[in-house]
Amino acid sequence: MTETGNSRPPATAAVGRDTIRLVGLRARGRHGCLPAERELGQEFVVDVTLHLDTAPAAATDDLTKTVDYGALAVELVRIIEGEPVNLIETLAERLASACLAHEVVEAAEVSVHKPSAPIPVPFGDVVVTIRRGRA
């Protein structure tokens, strides 16, 4: 127990509880199992939540101590527009790996939306969400 009688550490000791979210990133890719998906391509929408400690960046007002989300967005779009894969699960894994390549990112949650998936019945969206962290 702490001096205040609380068993939890003070909030300032909480590392990785901050997040940066990039929501609705759109790019055209050629991912899917069907030949038409590879030929024609379709729009994919990606949401990313990065878990990190933003305190060092906030204390110094220094972009190098956080994630440049503009640069990350460009990086993620290149992956979406790049080499096709059969599964959006694989695409999500590649995107999460790119997020974790940034040293300050402790964990990443990536959702890949495939709103034009070839499904023969009415639907709103198909979404695969993965969570990955540092080993």
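Predicted model: local features only at pLDDT ≥ 70, side-chain atom pairs only at ≥ 80, totals over all residues.

Reader: Which strand do seven bridges join to E3, running antiparallel?

Author: That's strand E4 (residues 127-133), antiparallel to E3 and joined to it by seven bridges. Here you can pick out Glu 109, which has Arg 131 in E4 as its bridge partner.

Reader: Is E3 mostly covered or mostly open?

Author: Mostly covered, with five of the seven residues in E3 buried. Across the protein chain, buried residues make up 33% of the 135 residues.

Reader: Let's zoom in. Where does His 113 sit, and is His 113 buried or exposed?

Author: His 113 belongs to strand E3 (residues 107-113). The general idea is to compare relative accessibility with a cut-off: buried means under 20%. His 113 has 15% relative accessibility, so it counts as buried.

Reader: What does the side chain of His 113 make a polar contact with?

Author: With the side chain of Asp 47, at 2.7 Å. Leaving out residues up to four places away in sequence, His 113 also touches others, including Phe 44, Val 45, Asp 125, Val 126 and Val 127.

Reader: And how do I place those strands in the whole chain?

Author: Follow the order of elements from the N terminus: β-α-β-α-α-α-β-β. That gives four helices and four strands in the protein chain.

Conventions:
Residues numbered from 1 in each chain as written. Heavy atoms only, no water. Helix = DSSP H or I, 4+ residues; strand = E, 2+ residues; numbered from the N terminus. Buried < 20%, exposed > 50% of the residue type's maximum accessible area, 1.4 Å probe, protein only. Polar contact = N/O pair within 3.5 Å; in protein donor to acceptor, adjacent residues only side chain to side chain. Contact = heavy atoms within 4.5 Å. Pairing = 2+ DSSP bridges.
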